[in-house]
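This report covers nonpolar cores and salt bridges in a predicted model. The sequence and structure are shown first.

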Amino acid sequence: MSLAQILSECGFCFEKRFGQNFLTDGNLLDAIAADANADGMTVLEIGTGAGTLTAALAKRAKRVVSYEIDKNLMPVLARTLAGLDEKVEVIFRDVMKESDEELDKILGGDYVLAANLPYYITTPVIMRFIERARKPKSITVMVQKEVGERLIAAPGTPEYGAVTAAVALEGSAKITRIVPRTMFMPRPNVDSCVVRIDLDGRFADADKAAAKKFIRAAFAMRRKTLVNNICAQFGQKRERAEKLLTRCGFDVRVRGEKLGVEDFIALSEAAKEIFE
Ligand code: SAM
């Protein structure tokens, strides 16, 4: 029986406010599960939907823990995930309201995150999971194509921003596939892509909290130079902010969007001395 028939028999109505755009193509679902490095892993899925990606992940994973906010999907999932009880646990709660302690308790040890994300929580989900203490090994998410391009953008490009740099501080991001809007049910107005962020423990020795302050400052007012943003955000005199940039080898007229994550780390280290 097709998914459309199951949804109709269960009287399911799509909720736009939950970003419900489901995937049905078996090849695509398996490819996403492969992109997600799900093999033999515990997978945290966000947004079970009709369970199509959940089932594809379960084929490869040791275990899938899947959060779904919409309880109206219960009867649908009872059918689409029938027989997978030993591997799959669906939790009908808002993942953004789940505490870190509860997540850690449910997940146990190492895990990867995989999700066809509801668009309205894309950035909060990514930021939460790259920044939390017990991070996943990787985050593989379906996002709007433009969002994916921002996540992998190089310094100096229009797409590059605070989120790009914050992600680069924790791992390496790449687009694994472009997914046209025609692959979703119902069809959204935009194309999507799958992005994988490998949280490879890079910059493990860096003072990331200090580097993040510089990232935030650099993009606080995009049209201003880095010196002006640093003065405003750190309450420093221009002379000291210029000294900091010169010490790190930057032109005093540079804009924050030209700097890579290593540069933000270098600035934050030098600032510990110059701003004391
Ligand atoms: N994984 C399914 C698929 O690929 O077909 C569904 C993906 S759909 C884009 C996103 C799903 O996330 C929806 O089923 C929606 O109800 C659910 N969702 C939205 N906000 C959520 C939240 N805060 N916590 C858990 N699930 C959420």
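## A charged pair at R134

R134 counts as partly exposed, at 30% relative accessibility. Its side chain meets that of D104 in a salt bridge, with an N to O distance of 3.6 Å. D104 lies in helix α5 (residues 100–107) and R134 in the loop between α6 (122–131) and β6 (138–144), so the pair ties together parts that are 30 residues apart in sequence. D104 is also partly exposed, with a relative accessible area of 23%.

## Other salt bridges

The model has 27 salt bridges in total. One of them joins D30 and R60, whose closest N and O atoms are 3.2 Å apart. Because D30 belongs to helix α2 and R60 to helix α3, this pair ties together parts 30 residues apart in sequence. D30 has a relative accessible area of 33% and is partly exposed; R60 is partly exposed at 26%.

Within helix α12 (residues 261–274), K272 and E269 lie three residues apart, about one turn of the helix. Their side chains meet in a salt bridge at 3.2 Å, N to O. K272 is partly exposed at 36% relative accessibility, and E269 is partly exposed at 37%. Elsewhere, salt bridges that share partners join D100, D104, R128, R132 and R134 into one network.

## Nonpolar cores

The largest nonpolar core holds 33 residues, of which V43 and L57 touch the most other members. Elements that each supply at least two residues of this core include α1 (3–9), α2 (26–35), α3 (52–60) and β5 (112–116). A second, separate core of 30 residues includes L44, V65, V125 and I139.

Leaving aside residues up to four places away in sequence, V43 touches A38, L57, A61, R63, V64, V65, V112 and A114.

Terms used. Residues are numbered from 1 along each chain as its sequence is written. This is a predicted model: local features need pLDDT of at least 70, side-chain atom pairs count only at pLDDT 80 or more; totals for chains, interfaces and linings use all residues. Side-chain values use heavy atoms; hydrogens and water are left out. A nonpolar core is a set of buried Ala, Val, Leu, Ile, Met, Phe, Trp, Tyr and Cys residues joined through side-chain atoms within 4.5 Å. Buried means under 20% relative accessible area, exposed over 50%, partly exposed in between (1.4 Å probe, protein chains only). Helices (H or I, at least four residues) and strands (E, at least two) are DSSP runs, numbered from the N terminus. Contact means heavy atoms within 4.5 Å. A salt bridge is a side-chain nitrogen of Lys or Arg within 4 Å of a carboxyl oxygen of Asp or Glu.
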